[in-house]
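Subject: Structure handover and notes

Hello,

Please find below the structure I said I would pass on. My notes on it come after.

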Amino acid sequence: RREKEEEEEEERVLVSEHSWRPCPTARRRLRACLEWVKRQLFRVGEDWYFLFILGILMALISFTMDLIVARLYAAHMWLYREIGDIGVLKYLSWTLYPTALAAFSTGFSQSITPHSTGSGIPELKTILMGVVLEDYLAIQNFGAKVVGLTCTLVCGSTVFLGKVGPFVHLSAMAAAYLGKMRTTVTREYENKFKQHEMLVAAQAVGVATVFGAPISGVLYSIEVMSPHFAVRDYWRGFFAATCGAFMFRLLAVFNSDQGKAGWAGCAPSSPLPSPHGIFGVLAPKSTPSFLSPLPETIAAAFKSDLRIDFPFDLLETFFFVILGYGGSGFGVLSVPCPCPLPVPYLPSPHRIICGIVACAYLFCQRWLMVAVKKNRLTAKLLATDKPVYTVLVVLLLASVTFPPGLGQFMASRLSMKDYLSSLFDNRTWSTLAPNASGVAKPGELWQAWDHPSATIYGTLAFFLFMKFWMLILATTLPLPAGYFMPIFIYG
């Protein structure tokens with residue numbers, strides 16, 4: 001009897017608690033309406049919405065990162081120009097700025113999580129093969145990598161590192177977090193197959209929101225990242241990559257400060273704005289009449305300017321062949337890429353040369369990594385004082401690229417974006433250099449490669465030689481950075 005009285009008392013308490021909540025009938029109707037809306041929205045599948053959110057989110061992060069890095073890089077260039085003609089002050093302004101940022105990038109990322117260093121591509125490929133590495137997809141790793149990568153990109157071409165690899169890792173972490181939100185919203189158990197599909201789509205989003213190229217992002221996720229690629233993942237990757245690339249371009253068009261924000265963490269170093277605007281987006285021009293063609297708004301990030309009537313000379317075909325065979329050997333420099341088409345075997349000396357260069361790069365990098373780990377000083381610094389090691393390496397790289405010194409022979413004032421923009425120039429520099437005063441406009445990017453005491457070919461050869469060992473040394477830095485972009489520029 002006492003137990004029955006206690007149960008009745010509990011029921012009275014529960015009834016009294018529910019009666020004190022305001023508008024119980026309205027709340028029940030609202031809850032029913034929300035359930036109906038969720039059923040209608042998820043009738044086509046919840047994947048569409050989360051893939052859309054993933055693309056939009058990564059586009060916003062990518063554009064915001066580029067905008068912040070561009071302003072900080074422009075501040076560095078302004079400080080170097082306004083410091084005066086005192087050599088010591090110019091050297092300090094050129095070296096201490098990237099050194100401090102790189103040290104902060106290492107210290108900040110390492111203090112939060114040690115898994116944020118590097119590009120994250122090897123770990124992500126391991127996760128896609130079925131190995132569980134929860135720490136590499138944690139949300140605190142996302143924040144550490146965003147801040148650390150931003151500081152790394154502000155260093156510009158001094159450190160000679162990129163953005164592609166870490167951004168693919170960031171996109172994967174965002175996809176993993178959205179996958180957990182999906183299980184919460186749908187009230188389902190965690191599905192490993194759904195998580196794998198989101199990670200595959202995230203790879204395409206990471207590349208698409210850097211270059212604005214969704215098809216390239218899907219091809220990257222197929223050929224480079226995934227050990228096996230299911231057909232059902234095509235539409236997921238392409239849809240998310242298209243949403244991200246489209247949003248990324250719209251942000252560039254709607255940005256009121258076009259011409260100032262750089263790509264991949266770099267701002268144009270030339271005093272004149274680029275005619276192609278920002279991210280390949282052309283600035284709107286006034287049309288004389290309604291019959292005139294409308295200005296181009298969304299274009300390629302790095303737009304080529306080939307002649308339609310005479311696209312290439314017949315003699316250039318020979319050099320295209322050299323580049324093609326060179327790519328088969330030089331591709332080893334970046335990542336192993338399983339190409340579906342077999343490369344025909346032709347005993348070409350150029351192919352042998354490119355293969356030797358690729359093997360030399362791999363040999364030197366592995367030798368340096370082993371030497372750094374075996375050396376007492378560097379091993380101790382990497383174990384206990386990683387920011388100190390970063391300071392020493394970046395100080396050496398910044399000293400080498402000092403413009404009044406060796407930097408004047410390898411266009412060190414150009415940013416990573418300016419490197420690609422200048423190397424995509426369709427004009428012949430060797431003919432422009434003798435007549436630079438009468439033909440070229442002041443501030444053009446190709447003039448950074450022209451030096452009075454060296455030819456264009458000399459500066460390009462010196463650039464290849466110096467960046468070869470500088471890139472190998474930069475890969476030992478314990479900070480968030482990518483290695484695809486330097487390989488693109490080097491190629």
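The notes below go from the chain as a whole to single residues.

First, how to read the numbers. This is a predicted model, in which local features need pLDDT of at least 70, side-chain atom pairs count only at pLDDT 80 or more, and totals for chains, interfaces and linings use all residues. Residues are numbered from 1 along each chain as its sequence is written, and side-chain values use heavy atoms, with hydrogens and water left out.

The chain overall

The chain has 19 helices and 0 strands; helices (H or I, at least four residues) and strands (E, at least two) are DSSP runs, numbered from the N terminus. Of its 491 residues, 44% count as buried. Buried means under 20% relative accessible area, exposed means over 50%, and partly exposed is in between, with a 1.4 Å probe and protein chains only.

Among contacts with a separation of 6 or more, 75% are between residues 24 or more positions apart. A contact here means heavy atoms within 4.5 Å.

Record annotation

The unreviewed UniProt entry lists "transmembrane region" for residues 48–73, 199–222, 234–254, 317–336, 348–368, 388–411 and 468–490. UniProt positions are in the numbering used here, feature names are shortened, and annotations may be inferred rather than shown by experiment. In the model, residues 48–73 are 100% helix and 0% strand, with the end C-alpha atoms 37 Å apart. Residues 234–254 are also 100% helix and 0% strand, and there the end C-alpha atoms are 30 Å apart.

The largest nonpolar core

A nonpolar core is a set of buried Ala, Val, Leu, Ile, Met, Phe, Trp, Tyr and Cys residues joined through side-chain atoms within 4.5 Å. The largest one holds 84 residues, and Leu170 and Tyr419 touch the most other members. Helix H7 (residues 164–186) gives the most to this core, with 10 residues. The core lies between domain 1 (31–257) and domain 2 (349–432 + 444–490), because both give residues to it. The domain bounds come from an automatic or database domain assignment.

Beyond its neighbours within four places in sequence, Leu170 is in contact with Met58, Met65, Phe142, Lys145, Val146 and Leu149.

Helix H3

Ser62 is in helix H3 (residues 47–82) and is buried, with a relative accessible area of 0%. With neighbours within four places in sequence left aside, the contacts of Ser62 are Lys163, Phe167, Thr209, Val210 and Phe248. Leu57 is in helix H3 too, but at 34% relative accessibility Leu57 counts as partly exposed. Leu57 and Ala174 are 117 residues apart in sequence, and their C-alpha atoms are 8.5 Å apart in space.

Phe160 sits in the loop between helix H6 (139–154) and H7. Its phi is near 60 degrees, a positive value in a residue other than glycine, and Phe160 is buried at 0% relative accessibility.

The loop between helix H14 (386–400) and helix H15 (416–423) contains Ala411. Ala411 is not a glycine either, yet has a positive phi of about 50 degrees; Ala411 is buried, with a relative accessible area of 4%. Ser415 lies in the loop between H14 and H15 and is buried at 0% relative accessibility. Ser415 and Tyr73 are 342 residues apart in sequence, with 8.9 Å from C-alpha to C-alpha.

Leu420 is in helix H15 and is buried, with a relative accessible area of 9%. The C-alpha atoms of Leu420 and Tyr490 are separated by 9.6 Å, and the two residues are 70 apart along the chain.

Cysteines

How many disulfides are there? With a disulfide taken as a pair of cysteine sulfur atoms within 2.5 Å, the count is 0. For Cys155 the closest cysteine sulfur is in Cys151, at 7.8 Å, which is too far for a bond. Cys155 is buried, with a relative accessible area of 3%, whereas Cys364 is partly exposed at 28%.

Regards
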